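Good morning, colleagues. Please look at the sequence and the structure on the screen while I go through a few features.

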Amino acid sequence: MMLNPIIPIGDYCGGLISVLNFFVFAGLLGLSLLIITIVDLIQLRRKKKKFDFIPLILTLGFGISFFVIFENKEHKFWTNQTLAGMVLKDGTPKSGALRLYENGSFAATYYHADYSCTFQGDYELNQNRLVLKRDDLVTQTDSLFATEYLLIRKDSMLKPTNENFEKIDIREIN
């Protein structure tokens, strides 16, 4: 339940509420572990029962899983990133990031003031023409991302085929 919002599968949103939810659940998990450990130590001392390591192992497993996934939150750790770009819409607070991956998928992140939403799908790159295969991408990202771009390597940018959209500055390309 705690790891689900930070695993980059499908569309997802995150922000201040997600962080607060994490701290509430992590606090409850930590408090539960502390209480169980104290009870186990008391039983170990008074009744000479064996110490129960299962809650400690589960908590350590969760903690390690959280940090591994959190370090790769914006990236799909099962495939390599081939292109990363940023878009800013002039005169508005709208911004976003586009990432393309080797396995033919993309992630378009739309940044809001206190949260961000990532929309995922597949893409096709023929010659210098990039097609993002997601029909609702324009509406989901409030017209920040188009579905077709021209890759202009010498200027390090993705130029939309529709003039109503902003160009995407390429930050990294492999």
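**The disulfide and its surroundings**

Cys117 is buried, with a relative accessible area of 8%. Please keep in mind that this is a predicted model. The partner of Cys117 is Cys13, and the two are joined by a disulfide with an S to S distance of 2.0 Å. The link between Cys13 and Cys117 is right-handed, with 110 degrees about the S-S bond. This pair connects distant parts of the chain: Cys13 lies in strand β1, residues 12-15, and Cys117 in strand β5, 104 residues apart.

Let me turn to the helix. Helix α1 covers residues 16-46, 31 residues in all. From its first C-alpha to its last, α1 reaches 45 Å, close to the 45 Å expected at 1.5 Å a residue. After α1 comes Lys48, which has a positive phi near 55 degrees.

Now to the nonpolar core. Which residues have the most contacts inside the largest nonpolar core? They are Leu98, Leu132, Phe145 and Leu158, in a core of 22 residues. The elements that give two or more residues to this core are β2, β3, β4, β5, β6, β7 and β9. In soluble globular proteins, nonpolar side chains tend to be buried together.

I close with Leu132. Leaving aside residues up to four places away in sequence, Leu132 touches Leu98, Leu100, Phe106, Asp122, Tyr123, Leu137, Ala146, Thr147 and Tyr149. Thank you.

How values were computed:
Residues numbered from 1 in each chain as written. Predicted model: local features only at pLDDT ≥ 70, side-chain atom pairs only at ≥ 80, totals over all residues. Heavy atoms only, no water. Core = buried A, V, L, I, M, F, W, Y, C linked by side-chain atoms within 4.5 Å. Buried < 20%, exposed > 50% of the residue type's maximum accessible area, 1.4 Å probe, protein only. Helix = DSSP H or I, 4+ residues; strand = E, 2+ residues; numbered from the N terminus. Contact = heavy atoms within 4.5 Å. Disulfide = S-S within 2.5 Å. Expected span 1.5 Å × (residues − 1).
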